[in-house]
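Open the model in your viewer and keep the selection panel at hand.

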Amino acid sequence: MRVVVTGGRGMLGRHVVELLRRSGHEALAAGRHGPLVMDVRKDADVEAALEGVDAVVHCASNPLGRDAREVEVEGTARVVAAAHRQGVGHLLYVSIVGIDRVPRPYFRYKLHAEKVVEHGRVPWTILRATQLFPFMEMLLTAAPVVIAPRGFLVQPVAGEEVAQRLARALGEGPMERRLEYGGPEVREVGELARTLRATRRLRRPLLKPWLPGQLAAAVRAGGLLCRDCGRGAITWEEWLQRAPARQ
Ligand SMILES: NC(=O)c1ccc[n+]([C@@H]2O[C@H](COP(=O)([O-])OP(=O)(O)OC[C@H]3O[C@@H](n4cnc5c(N)ncnc54)[C@H](OP(=O)(O)O)[C@@H]3O)[C@@H](O)[C@H]2O)c1
């Protein structure tokens, strides 16, 4: 199949591209600056990139950007409309477990984008995944101190394994439903932080604040976890041993 992977150089997209290529597909990594230029905010880019394409794995997203909503909601709508015009047979949208339980603006945008996909005219599958290991590492090392809010529960997963699930979904064809996929273990963020500091020999102090508010309460209550979902096998500790430290 000829498959466009939007956000194909991102944390998840790069694994999808690599895996699809290894499986014999023609996988094209799309992004704002190439290799296949496709800014999802631009009609002409999207239209041209999807010409002659069998399937799209839609990973483009800009959660921290000022255009987060535009990329997620309008960008996804643009991808769905162009995919329909170009006769794309399967659109796989990557979403996040718990977006309907944890109140965050970005999660609202993702919920909205899911609806756009579900109500669009392109055969679809949505895969909601839990947090990726490198994303957890990025969060925990974003500040000069490691901040691990007390009681926060997560179920992080390897990007390779999410990519494998996506590749399987591609092979199975459009399911017109939402699937969920998570890591093998439910962990407290504080535990992840401890092993991260030990493995990476980080000297910066570990802070475990109690965070107020609805978002924090939802995460402590397990809002980001998927209990009856497909699960990867790679643990946080195994991933840390294998993955090079962030620069
Ligand atoms: N990270 C996680 O823990 C996690 C967990 C579950 C689900 N997800 C979902 O999985 C998807 C991929 O996440 P990720 O972690 O791989 O994100 P990421 O590393 O930030 O990659 C997203 C990519 O989107 C591209 N992008 C940004 N703005 C764009 C635009 N206007 N047009 C086209 N491409 C644009 C960027 O590529 P260029 O710079 O090349 O344009 C970027 O590499 C997202 O939908 C995310 O919500 C992520």
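A polar contact here is a pair of N or O atoms within 3.5 Å; within protein, one must be able to donate a hydrogen and the other to accept it, and residues adjacent in sequence count only if both atoms are side-chain atoms. This is a predicted model, in which local features need pLDDT of at least 70 and side-chain atom pairs count only at pLDDT 80 or more, while totals for chains, interfaces and linings use all residues. Residues are numbered from 1 along each chain as its sequence is written, and side-chain values use heavy atoms, with hydrogens and water left out.

**Stop 1: His58**

Select His58. It sits in strand S4, residues 55-58. Helices (H or I, at least four residues) and strands (E, at least two) are DSSP runs, numbered from the N terminus. Is His58 buried or exposed? His58 is buried, at a relative accessible area of 1%. Buried means under 20% relative accessible area, exposed over 50%, and partly exposed in between (1.4 Å probe, protein chains only). The side chains of His58 and Thr76 make a polar contact of 3.1 Å. Beyond four places in sequence, His58 touches residues including Thr6, Val40, Val79 and Tyr93.

**Stop 2: the ligand**

Move to the ligand. Which residues come nearest? Of the 25 residues around the ligand, they are Leu12, Arg32, Tyr106, Lys110 and Leu132. A residue counts as near if one of its heavy atoms lies within 4 Å. Show these distances:

- Asp39: an N or O atom of its side chain is 3.0 Å from a ligand nitrogen.
- Val40: a polar backbone atom is 2.9 Å from a ligand nitrogen.
- Lys110: an N or O atom of its side chain is 2.6 Å from a ligand oxygen.

Taken alone, the ligand exposes 880 Å², and the protein buries 88% of that. Areas come from the Shrake-Rupley method with a 1.4 Å probe; for residues, only the protein chains shown count as cover. S5 and H4 are the elements that give two or more residues to the shell. S5 supplies the largest share, three residues. Colour the shell by type: 13 residues are nonpolar, eight polar and four charged.

**Stop 3: Val102**

Select Val102, in the loop between strand S5 (90-96) and helix H4 (105-119). Val102 is buried, at 4% relative accessible area. Its contacts beyond four places in sequence are Phe107, Leu215, Ala218, Val219, Gly223 and Leu224.

**Stop 4: the nonpolar cores**

A nonpolar core is a set of buried Ala, Val, Leu, Ile, Met, Phe, Trp, Tyr and Cys residues joined through side-chain atoms within 4.5 Å. The largest has 29 residues, and Phe107, Leu140, Val189, Trp236 and Trp239 touch the most other members. Helix H7 (189-199) is one of the helices that each supply at least two residues. H7 gives the most, with four. Pick Val189: it touches Met136, Leu140, Ala148, Pro149, Phe152 and Val154, leaving out residues up to four places away in sequence. A second, separate core of 25 residues includes Cys59, Ala129, Leu170 and Leu179.

**Stop 5: Arg128**

Finish on Arg128, in strand S6, residues 124-129. Arg128 counts as buried, at 2% relative accessibility. Beyond four places in sequence, its contacts include Asp100, Glu114, Leu179 and Glu180.

How values were computed: Contact means heavy atoms within 4.5 Å. Ala, Val, Leu, Ile, Met, Phe, Trp, Tyr, Cys and Pro count as nonpolar, Asp, Glu, Lys and Arg as charged, and the others, Gly among them, as polar.
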